[in-house]
Number of protein chains: 2
Amino acid sequence: MSDKAPTLVEVAAHAGVSLATASRVLNGSERRVKPDLQERVLASARSLGYSANVQAQAVARGTSNVVALVVGDIADPYFSSIASGVMHVADERGLIVTITATGPYAGAESVAREEAALAALRGQRPRAVVLAGSRVVGVEAAGGSAAGAFSASSERVAAIGSGAPGLRSIAVDNAGGAAALARELRGLGYADFSVLAGPPELVTVRERVDGFRSVVLGADVRHAEFSREGGHRAMAELLASGARPDCVFAVTDVMAVGAMTAVREAGLTPGADIALAGFDDIPLAADLAPALTSVSLPLAEIGARALELALADTPAADAPAITAEVRLRASTPGH
Amino acid sequence: MSDKAPTLVEVAAHAGVSLATASRVLNGSERRVKPDLQERVLASARSLGYSANVQAQAVARGTSNVVALVVGDIADPYFSSIASGVMHVADERGLIVTITATGPYAGAESVAREEAALAALRGQRPRAVVLAGSRVVGVEAAGGSAAGAFSASSERVAAIGSGAPGLRSIAVDNAGGAAALARELRGLGYADFSVLAGPPELVTVRERVDGFRSVVLGADVRHAEFSREGGHRAMAELLASGARPDCVFAVTDVMAVGAMTAVREAGLTPGADIALAGFDDIPLAADLAPALTSVSLPLAEIGARALELALADTPAADAPAITAEVRLRASTPGH
DNA sequence: AATCTACGACCTATAGCGCCT
DNA sequence: GAGGCGCTATAGGTCGTAGAT
């Protein structure tokens, strides 16, 4: 009934070898020890239930096997899909993933929270960090102080989307995807568009809105929280104002979901009375009724590539931007 | 352009004080030092960009501030909602959370993976661990070897749902919720039921199926993977077999979503031709069309309580089981 | 034929690592 | 200022074999 985990010295003593030898057979890779001793050490370790203390290893080695992931909200399908990809490659490489959520976006306070999170992360001395939630426009906020401190201290950071200068980043063609969507929708016969956007400070939001409006110049834009509720409220207000666009583009599928419900609550039929399109192509998008037209992003792959990029020794030649693919579905029927 | 993080000794030297003093003002809680020294140390720390190495602190203190969360699949709304709750309380208490995914359930292999994950977790010396994905029936698997090693080594573990004996656990009234749902559905006039279940080895599945069938005795049961695809396939097969139950209960909302699409693909209208109900009440359940009838579980709260339970010094008097609430919606209209 | 030095193979002893008490 | 946390890394020791003298 040992109530404390056995240490290496105990294992070494039990096996009758030196600490160094025990360390080598249990962890060290290079030097090898004679088979019989090796066997004895392993046997002792097993019988004592030894498990190396990774914290101590990290201190001794001067490098941890922890990677940190920063997201906005893990319950959001966008982030959880990315997290899934990150965790997959971490698992392959025997790395431990720690996750931090910066919470819903709420102006300056969020920037502060984000920086606090990054500062706290530094304490972990992670081998790499993936910023999936660093969403604030501007070098100062996203890539300046906090994130800057990372690169300066030689820690490897990769941002998803709009990379702050000087930071590795996985480029996502938000603007191009949104523009392509706009073109398709116009080709379908829609003419009167309205855009449901998140906070304008978020780069991702700006890119998607700008991309969409580069094709559909006159589209009216409405900002709201970056969530299902935000989409719901924005759409409800839009309808309450008497507007009846024939197609609404929500910059996020999650917002589109809320918008769709709002349309329904107003006694209208999504798809038929008002077409609806989103962005991200989250897992459930195609299962909605009507199935939601969206711009597909390989979220898990993005997460995986982000971690690989962050882990790389050399900043790596800039990979091509992740391309977004338009998926037309029943929520935007052809006229 | 320092490429290495400054250490405490550097800060101490810079401030002209002893290591111990610096340690006290920057981390130690008890003893306090004179204001002027304190200020000097803080100034040095700031100017050097010092950030305590938590790994080293953990080794020195003999206790880490890491809590581990084990889930099946972080991209599944059920798990990500729970994770959200866990992360929230961890954040409040200044703890770091690491997440491990055991992957989709796949028989014995999954049990092995789960144990491997737990073994790896031991190396982290977490202050507490929350098992949200430990889903296998039987003491041996879920609470036996691996998990047992934790409690034996005095680490604090809490399981969500069916607790293995000897493990702290958050009880969830799966059976009661499913039974209540069955009663409500029968009250609505449904008589011919079919159940879409996940792998029978999972306790959660068993409890929900058994609870439902304790009310609706004759219900036919069909097992499939514990996912959207599983629900889709099972429903497609059910329909292909020529069966036309008037109400189908999927043990999980995620499965219900797949089932709903399968119903539609068969040219039938969910709700009208075949009623559909799920379990969990994931965020998007009410936004589906028809809105999905489900049994609501406070997932984030469950996660939060699980971590609190795991963290508690004393095993805590057994709290009441989490009660599940039936939410009747449009997918199961009254006759 | 016996001794010496060389040398690889292997292990032990012992400094650290960054921090706490 | 000293000692310790659990572990890594490396200098330095021991031993056995082998070619040189």
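**Entry 1: the area between the chains**

I looked up the area buried between chain B and chain A in this predicted model, and the value is about 3,800 Å², with carbon and sulfur atoms giving 57% of it. Buried area here is the accessible area (1.4 Å probe) that two parts lose on being put together, summed over both.

**Entry 2: conventions**

I noted that residues are numbered from 1 along each chain as its sequence is written, and that chains are lettered from A and ligands numbered from 1 in the order in which they are written. Local features need pLDDT of at least 70, side-chain atom pairs count only at pLDDT 80 or more, and totals for chains, interfaces and linings use all residues, while side-chain values use heavy atoms, with hydrogens and water left out.

**Entry 3: charged pairs and the side of chain B**

How many salt bridges are there between chain B and chain A? I found two, a salt bridge being a side-chain nitrogen of Lys or Arg within 4 Å of a carboxyl oxygen of Asp or Glu. The side chains of Arg228(A) and Asp287(B) meet in a salt bridge, at 2.7 Å from N to O.

**Entry 4: strand to strand**

I looked up how β2 (residues 96-101) of chain A meets β2(B), and the two strands pair in the antiparallel sense over two bridges, where pairing asks that DSSP finds at least two bridges between them. Thr98(A) has Thr98(B) as its bridge partner in β2(B).

**Entry 5: one residue of chain B**

Is Asn174(B) buried or exposed? Asn174(B) lies in helix α8 (residues 174-187) of chain B, and Asn174(B) counts as buried because its relative accessibility is 2%, buried meaning under 20% relative accessible area (1.4 Å probe, protein chains only), exposed over 50%, and partly exposed in between. Leaving aside residues up to four places away in sequence, Asn174(B) touches Thr204(B), Glu207(B), Arg208(B) and Phe279(B).

Note on methods. Helices (H or I, at least four residues) and strands (E, at least two) are DSSP runs, numbered from the N terminus. Contact means heavy atoms within 4.5 Å.
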